[in-house]
Amino acid sequence: MVSMRSQLAACASILLFVMNVPSLFAADAAPALTGSVSSAEEGVMEGVLISAKKAGSPLTITVVSDAQGRYRFPAAKLDPGQYRISIRAIGYDLDGRVNAEVVAQKTASADLKLRKTTDLATQMTNAEWLSSMPGEQKMKNTLLGCVGCHSLERIVRSKYDADGFLATVQRMSTYANQSTPLNPQKRLTTRATELVGEDRVRVQRAQADFLASVNLSQSATWDYALKTFPRPKGKATQVVYTEYDLPRPTIEPHDVVLDPEGNAWYSNFGGQTLGKIDPKTGKHSEFPVPELKKGSPVGALSLRNDRDGNLWLGMMYQGGVAKFDRKSEKFQTWPIPAEMNSANTQVNMTSPMNIAVDGKVWSQNNGFAGIHRIDLKTGKWETWEPFKASPQGHNIYDVVADSKNNAYFTDIGREHVGRIDAKTGEITLFATPTKDSGPRRAMMDDQDRLWFGEYRANAIAVFDTKSTEFKEWKLPMPWAAPYDVAVDKNGHAWTGSMLNDRISRLDPKTGQFTEYLLPKQTNVRRVYVDNTTTPVTFWVGSNHGASIVKLEPLE
């Protein structure tokens, strides 16, 4: 069988040949728009993100100023027309409104002047708020569960006292994890792994007391200094971003993957649709996902390809997994059996890459920290409960199969990676070197090594399934809280953060990270690398920003 990677490479090569597209970044190519960036305080400024958006277009193109304060938009990126210019530079605003007229086969010029901002708080990332606020690490860690639905700025600007926050925390715990302020959804009940009774109230009271100590409940301004992170430098400025706006602000693109034709597909975390964008035209399409469980929250989390190019969804509270055939544009679903389908059923993940081994696909159930295996021919579901004896505190986040279709799972509640033998059903647990690391999303590389984000350890890690050895790399910036990992054809590992708006690329041989700042506040989840391009291309959904972001490093 021809591998998906080979198919992708062939399609990309044919497309480039037919279109006869020159390199976007050729040294002798004249840019469409260029200029300098400076301020009275710093003079020329490196690491300022400059965005250009054409009126009526769903696309925003962003570049970054270099060490000389120069920026350049490749000619292939900007069509002729009028563009609105905006910037991202912590602590600064653009001094006045700036528009630029781009003309075919000419280079437009616009020098940008920045001024100190009068409202720094509006520019702060979640990670910068966590670095700024006082308090113990364990209390700050509780906020890692809040950023999935909204920013921390929403909390620190509030005026609730401790009692007010207690009621708020208790209300927030009733919402599904795909909720946002624009699109809240109620859970039917709590997970079996959560604390109950007095223990639950005690934890909620401690969190409420902490939140009331860092917001504006006692003063008109914060009684702690606002700490910011440095702008990008060096390699981190050598990048071009393309952002594709989605048609509704309530769309939550959680996972983004590419098909062999180069189309970007995404799972809608907050709605019962599957979406597609044609990057060449910007055309957007949507396909309704079957609703299996009326009255339960809607939306899908994971989106993964199988080796035949079909797309698989974890249907979350709808209680099943779904396969989308791209050729027929039809869904096939496997609902969880009625006897397992409780109010807290939450089937988030699938692992379809190695179905051919035995005709079975792995999934998990966040409702009770369970693992499922579905026989696709018979529809039979098997179940494992690795933490049945002591479920509280455990939370199985991802499940990924190796080349023999053995299952590996991550326990975000603690520090475990687990294995289920496909033939015997035996469960084995492995503890990460860092305690309470919070393993989250994962991928299996072609050497059967499991790469994953360590959400609470501020690290990414790899687990060699043959030697059972771990290796970890701490991210340079605090509170990065990496969610996922994707390994590219060069052996580099990519991850992203829900907190600091940065995409990090690790060279495991040297241990060096390159950290690219995204153009806007971006709630990063699943990360994806397209290996058919040179250099590779990175894709991610802006889960709270209703957009898809493509990152093209220049080296």
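Ser-38 lies in strand E1, which covers residues 33-39. The structure described here is a predicted model, and in this model Ser-38 has a relative accessibility of 12%, a value under the 20% cut-off, so that Ser-38 counts as buried. When residues up to four places away in sequence are left aside, Ser-38 touches Gly-43, Val-44 and Met-45, and also Leu-112, Lys-113 and Leu-114.

Strand pairing was examined next. Strands of a sheet pair through backbone hydrogen bonds, and the pairing may be either parallel or antiparallel. Strand E21 (residues 360-365) is joined to strand E22 (residues 370-375) by 6 bridges in the antiparallel sense, and Gln-364 stands opposite Ile-371 of E22.

A further group of strands is arranged around strand E29 (residues 449-454), in which 5 of the 6 residues are buried, so that this strand is largely enclosed by the rest of the structure. Strand E28 (residues 439-444) runs antiparallel to E29 and is joined to E29 by 4 bridges, with Met-444 placed opposite Leu-450 of E29. The hairpin of E28 and E29 has 4 residues between the strands, and among them Asp-448 takes a positive phi near 60°. E29 also pairs with strand E30 (residues 459-464), again in the antiparallel sense, over 6 bridges, and here Trp-451 is found opposite Val-462 of E30. E29 and E30 likewise form a hairpin with 4 residues between them, in whose turn Asn-458 has a positive phi of about 55°.

Most residues other than glycine have a negative phi, and most peptide bonds are trans. Against this background, Met-316, which is not a glycine, has a positive phi of about 55°. Met-316 is located in the loop between strand E17 (311-314) and strand E18 (320-325), and its relative accessibility of 0% places Met-316 among the buried residues. A positive phi, near 55°, is also found for Glu-329, another residue other than glycine, which is placed in the loop between E18 and strand E19 (330-335). Glu-329, however, has a relative accessibility of 45% and counts as partly exposed.

Helix packing is illustrated by helix H5 (residues 162-172) and helix H6 (residues 197-214), whose axes are 8 Å apart and meet at an angle of about 125°. The two helices, H5 and H6, are therefore oblique to each other, and H5 passes H6 in a right-handed crossing. On the side of H5 the contact is made by Ala-162, Asp-163, Phe-165, Leu-166, Val-169 and Gln-170, whereas H6 contributes Gln-204, Arg-205, Gln-207, Ala-208, Asp-209, Leu-211 and Ala-212. The residues of this contact between H5 and H6 comprise 7 nonpolar, 3 polar and 3 charged ones.

Technical notes:
Residues are numbered from 1 along each chain as its sequence is written. This is a predicted model: local features need pLDDT of at least 70, side-chain atom pairs count only at pLDDT 80 or more; totals for chains, interfaces and linings use all residues. Side-chain values use heavy atoms; hydrogens and water are left out. Two strands pair if DSSP finds at least two bridges between them. Buried means under 20% relative accessible area, exposed over 50%, partly exposed in between (1.4 Å probe, protein chains only). Axes are lines fitted to C-alpha atoms, for helices over the stretch in contact, and angles run from 0 to 180 degrees between N-to-C directions. Angles under 35 degrees count as roughly parallel, over 145 as roughly antiparallel, 65 to 115 as roughly perpendicular and the rest as oblique. A crossing is left-handed if the near helix is turned anticlockwise from the far one by less than a right angle, and right-handed if clockwise. Contact means heavy atoms within 4.5 Å. Ala, Val, Leu, Ile, Met, Phe, Trp, Tyr, Cys and Pro count as nonpolar, Asp, Glu, Lys and Arg as charged, and the others, Gly among them, as polar.
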